[in-house]
Structure formats: structure tokens, C-alpha cells
Amino acid sequence: MSLRLSTVILPVRRWNEGGRDQWLRAEELGFHTAYTYDHLAWRTFRDGPWFGAVPTLTAAATATERLRLGTLVTSPNFRHPVTLAKELISLDDISDGRITLGIGAGGNGFDATTLLKGDEEPWTPRERADRFGEFVPLLDRLLTEDAVTYEGTFYSAREARNIPGCAQRPRLPFAVAATGPRGLRLAARHGQAWVTTGDPKLFETGTPEQSREALRGQIDKLGKACAEAGRDVAELDKILLTGFTPDRNGPLESLDAFVDFAGRHQELGFTELAVHWPIPGSDFAADQAVFEKIATEATAQLG
């Protein structure tokens with residue numbers, strides 16, 4: 001399978017002050033999908049502009065025609081499956097069926113603390129995994145059934161109506177971000193794609209070779225989860241969100257560097273790489289001209 005190249009546009013620019021232009025340019029450059037993060041705030045961008053994912057994607061859907069759009073990733077940290085389903089069905093309709101939902105268990109960042117009351121503590125990793133395990137199957141039902149009633153440990157739905165459903169049938173695709181056994185089982189059962197950023201323990205002190213070995217191990221575990229679920233792992237797209245491996249932004253320094261990086265990960269079984277749109281003065285700083293050269297020329301060299 002040929003490697004797809006996608007981009008991630010962080011929602012940090014006003015729509016009429018360059019924001020819209022980025023999404024239009026992403027379509028012009030031929031990216032497969034343009035994703036955005038779904039956070040209330042994120043890392044070093046917390047004290048600057050940061051816009052909502054669903055309104056941003058809605059605007060992008062009306063501005064573009066062919067480009068697929070999506071989140072990397074949405075999580076239960078501040079989302080409820082019933083209200084999220086309604087927004088996703090609307091977004092899929094407005095985009096004429098071009099939406100992919102990247103979805104993960106969430107992390108320890110600002111999303112996990114912004115809504116806390118008093119001396120409440122953020123969810124532990126186990127608690128996030130518990131919620132994620134209930135969130136994904138319920139969201140799957142909400143996006144495929146006209147009416148859903150459900151009473152769970154964390155979420156409920158009482159005659160939740162979602163007519164007419166998604167433009168994509170039976171629903172828009174899920175790209176499930178996971179590395180642990182429980183998340184990988186969810187990806188195997190409900191995902192049309194699987195997402196990883198690599199092994200975070202290797203980001204600071206690991207080597208690119210160690211990172212690729214860790215990714216190979218993750219793909220092997222995904223294969224086992226799929227086998228247990230009665231699915232062929234080849235049915236799932238395998239997406240690497242770049243920028244979080246020991247390579248960092250090195251692959252964006254030149255076309256040759258990117259082709260080498262992409263080829264090595266394609267050999268591991270990845271079918272899609274997502275690269276961050278350059279943001280000057282940030283961890284995602286890169287030469288815009290080189291970035292666009294990669295966008296237009298890299299995949300032809302990979303086959």
C-alpha cells in the first residue's frame with residue numbers, strides 16, 4: 001500500500017488572519033487528511049490563541065472540497081459521547097462525508113484539570129482507560145443507531161436520537177490512539193485506523209533505531225489484538241503522528257531526510273504519516289518551503 005501523507009494544523013490562528021489559508025493550502029498541496037488537536041489548551045500554547053476543534057473543522061469543511069478532515073485526538077477528558085455524537089454527525093454532513101475521528105484516552109494536561117471542582121483529583125491512567133473503554137463502544141452505537149438507551153458506570157444515554165446518522169456509512173471512521181492492551185483491543189474492535197506517537201519513554205534519551213523497534217513491537221501487539229477480535233490487522237490503517245519520536249523535527253529539515261524517515265516507517269507497516277504544519281518559534285518550527293516540497297514530492301519517491 002502506498003504511504004499517505006497528512007498534516008496537523010494546530011488551531012492557533014484566527015480564521016480570517018491566516019487560519020483559513022492554511023486549510024486551503026493543505027488541500028492545494030495534496031495532503032490526504034488535515035487534522036487538528038481537540039484540546040481546551042495544550043502545553044506551551046496555553047497562554048496564546050487556541051480555538052475549538054469542532055468549529056474549526058466545520059469552517060474547514062465549508063472552505064475545502066476534497067481534503068479529509070479530522071481530530072488527533074478527541075478524548076473523554078471533556079467530551080460526553082452523546083453530545084459528541086451529535087456534533088460529529090453534523091460535521092460529517094457539512095463536510096459531505098470527509099471526517100475521521102481520531103480518539104484516545106486522554107492525558108494529564110490542562111484538559112484533565114480545567115473542569116475539576118474544589119479539591120477533585122484528575123483521573124488516574126487506570127480511570128482514564130476505564131472511561132475510554134466505555135466511551136468508544138457507546139459512541140459507536142450512537143453514530144450507527146437511530147436511538148440509543150444505555151446506562152453505564154460513567155456514561156448514560158436515554159433515548160438519544162441521532163437521525164439521520166453519518167454521511168459515511170455505517171459511520172465515520174475511528175482512528176484509535178492506543179499503545180496499551182486495553183486501548184489496542186478497542187482499536188481492534190472499533191477502529192478503522194490505529195494511531196501512535198511512538199514510545200514516549202524514548203523521546204528524550206532514545207535513538208531513532210530504538211524508536212523504530214518500539215513501534216515494531218506496538219504493531220505486533222496490534223496484530224495480536226486484531227487476531228483475538230477476529231479481524232485482519234491489514235484492515236486497519238496505521239498512522240504515525242510524527243514529532244514525538246527521538247527524530248523530532250529532523251525529518252522536516254530536507255526532502256531526503258523525510259523520504260528516509262518515511263521509508264523506514266513504511267517498512268514497519270505504517271500507511272499514513274501526519275506531520276505538523278510549521279509554527280515559527282515553537283517545537284514545530286520548520287522551513288515552510290521545505291515542508292511544502294515534502295508535501296508535493298515525498299510520496300512519489302516512496303511508491
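Colleague: How many helices and strands are there in the protein chain?

Modeller: The protein chain has eight helices and 10 strands; helices (H or I, at least four residues) and strands (E, at least two) are DSSP runs, numbered from the N terminus. This is a predicted model, in which local features need pLDDT of at least 70 and side-chain atom pairs count only at pLDDT 80 or more, while totals for chains, interfaces and linings use all residues. Residues are numbered from 1 along each chain as its sequence is written, and side-chain values use heavy atoms, with hydrogens and water left out.

Colleague: Why is Phe 154 called partly exposed?

Modeller: Buried means under 20% relative accessible area, exposed over 50%, and partly exposed in between (1.4 Å probe, protein chains only). Phe 154 has 32% relative accessibility and therefore counts as partly exposed. Its place is in the loop between strand E5 (147–151) and strand E6 (156–161). Leaving aside neighbours within four places in sequence, Phe 154 is in contact (heavy atoms within 4.5 Å) with Asp 130, Arg 131 and Glu 134.

Colleague: Why does Ala 285 count as partly exposed?

Modeller: Ala 285 counts as partly exposed because its relative accessibility is 36%. Ala 285 is found in the loop between strand E10 (272–276) and helix H8 (288–302). Residues up to four places away not counted, Ala 285 touches Asn 249, Ile 279 and Pro 280.

Colleague: What is the count of cavities of 30 Å³ or more?

Modeller: On a 1 Å grid over the protein atoms alone, a cavity is a set of points where a 1.4 Å probe fits but cannot get out, and lining residues have an atom within 4 Å of a point. The count is one cavity of 30 Å³ or more. About 50 Å³ of space lies in the largest cavity, a volume being the space filled by probe spheres set on the points, which are joined across faces, edges and corners. Its lining includes Asn 249, Phe 258 and Val 275.

Note on methods: 1 Å grid on protein atoms, 1.4 Å probe; cavity = no way out; pocket = protein on both sides within 12 Å on 5 of 7 lines; lining within 4 Å.
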